[in-house]
There are 2 protein chains.
Amino acid sequence: MNAPSSLEALIEALRCLPGVGPKSAQRMAYHLMQHDRGGAQLLADGLQRALAALRHCQRCNTFTEAEVCGRCLSGKRDASLLCVVETPVDMNMMEQTHAYSGLYYVLMGRVSPLDGIGPGELRLDRLLARACDGVVSEVIIATNYTNEGEATAHYLSEMLKSRGVSVSRIARGVPVGGELEYVDAGTLAQALRERRTLDP
Amino acid sequence: MNAPSSLEALIEALRCLPGVGPKSAQRMAYHLMQHDRGGAQLLADGLQRALAALRHCQRCNTFTEAEVCGRCLSGKRDASLLCVVETPVDMNMMEQTHAYSGLYYVLMGRVSPLDGIGPGELRLDRLLARACDGVVSEVIIATNYTNEGEATAHYLSEMLKSRGVSVSRIARGVPVGGELEYVDAGTLAQALRERRTLDP
């Protein structure tokens, strides 16, 4: 004799969340039904509302409820700079630096052949059209310095350079505040290779 | 400029799940909206259906979609035995032993003064009424051997014994297949204290 079918279905549905296995899903379902029905109702409503409202910005591809997001519509950003990031979270991280005033393009992923995600799945043609609009003068690639992020950066830079677009990549090296003793050898080797000549 | 309000609301709503903090909630929300809208819809539906359908069995207090659950209605169970467990998961664990054919009472929690859960919150009056129905001859307390589970067992046994109900507690000791070398000292001390005389 198993759990009621609506409970089984809820446990199964919770497994669509990343990092949630059968045990966690069971614990979550019992918790919601026993201790937090109000939260469960809010979650159901939140999912429905987000599913109905969220779409991708026609210009930068991030999540928005409008045709074009507020940042792309803002007249205060430098439209000649286009920064390419993997996710909306990465875009937020860039914004929090207060060191960038250009626009963005959010890939919503990365080239990852092992997961079956190639340039076609990422809709890079839309990025290309965006970068070649005649206003953008430099594309700054800010994908992660992981293997997939690096492969994505390489692919993007080749694609953009072949169209005559000027491309740059955010620097890598020892983190600010980082001690050499605690930096991994790969990072240190790159920091050495990509050293900058100091003004005399 | 922040995320769209429906996305913010979804991230906030996901935090009602146990063990999900702000970072996980953000990751879950982006994953669902970008990669698994079908799963998000299933989850919203599953929550709604469970909220509408699930209630507590009038006899054993577990989740059910009917007035009384199938197990309590079954004529094949020994109605003179009542096993008290903390959660429906614990009940499933007991069933998987195939060593018990009596009925259950699910506390849906444990006495935990630090969390503000006392005997009143657990509705122990309903268990008492169930145990004193004239059919039950023995109540087997199968709460966890944690501090809270032990406190709950102590409280329950005092309460039931004062009403003249026969009460027992599942045994504790070295796990089957367990090696003394890897058993903690507390468990071993209890196993020694609660040793059984073997038939000569």
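**Rings, loops and overall shape**

Let's start with one residue. F63(A) counts as buried, at 4% relative accessibility. Buried means under 20% relative accessible area, exposed means over 50%, and partly exposed is in between, with a 1.4 Å probe and protein chains only.

A word on the ground rules. This is a predicted model, where local features need pLDDT of at least 70, side-chain atom pairs count only at pLDDT 80 or more, and totals for chains, interfaces and linings use all residues. Residues are numbered from 1 along each chain as its sequence is written, chains are lettered from A and ligands numbered from 1 in the order in which they are written, and side-chain values use heavy atoms, with hydrogens and water left out.

Back to the rings. How many aromatic pairs are there over all chains? The count comes to 4. The rule takes rings of Phe, Tyr and Trp (its six-membered ring) with centres within 6.5 Å; planes under 30 degrees apart are stacked, over 60 edge-to-face, and the rest tilted.

One of them involves our opening residue. F63(A) and Y30(B) are stacked, 5.8 Å centre to centre, with 15° between the planes. F63(A) sits in strand 2 (residues 63–64) of chain A and Y30(B) in helix 2 (residues 22–35) of chain B, so this pair joins two chains. Helices here are DSSP runs of H or I with at least four residues, strands are runs of E with at least two, and both are numbered from the N terminus. Y30(B) is buried too, at 10% relative accessibility.

Next pair. Y100(A) and Y104(A) have ring centres 5.2 Å apart and planes at 65°, so they are edge-to-face. Y100(A) is buried, at 12%. Y104(A) is buried as well, at 1%.

M108(A) has a positive phi, near 60°, and is not a glycine. You'll find M108(A) in the loop between strand 4 (102–106) and helix 6 (124–131) of chain A. Is M108(A) buried or exposed? M108(A) is buried, at 8% relative accessibility.

Over to chain B. H98(B) also has a positive phi, near 55°, in a residue other than glycine. Its loop runs between helix 5 (88–96) and strand 4 (102–106) of chain B. H98(B) is exposed, with a relative accessible area of 74%.

One more stop in chain B: T152(B), in helix 7 (residues 147–162). T152(B) is buried, at 1%. What does T152(B) touch, leaving out residues up to four places away in sequence? The partners are L107(B), R110(B), V111(B) and T143(B). Contact means heavy atoms within 4.5 Å.

Finally, zoom out to chain A. It holds 8 helices and 6 strands. Along the sequence the pattern reads α-α-α-β-β-α-β-α-β-α-β-α-β-α. The radius of gyration is 22 Å, well over the 16 Å that the globule rule gives for 200 residues, so chain A is more spread out than a compact globule. That radius is taken over C-alpha atoms, and the rule is 2.2 Å times the number of residues to the power 0.38. Along its principal axes, the C-alpha trace spans about 75 × 45 × 35 Å. Of the 200 residues, 42% count as buried. Among contacts with a separation of 6 or more, 47% come from residues 24 or more positions apart.
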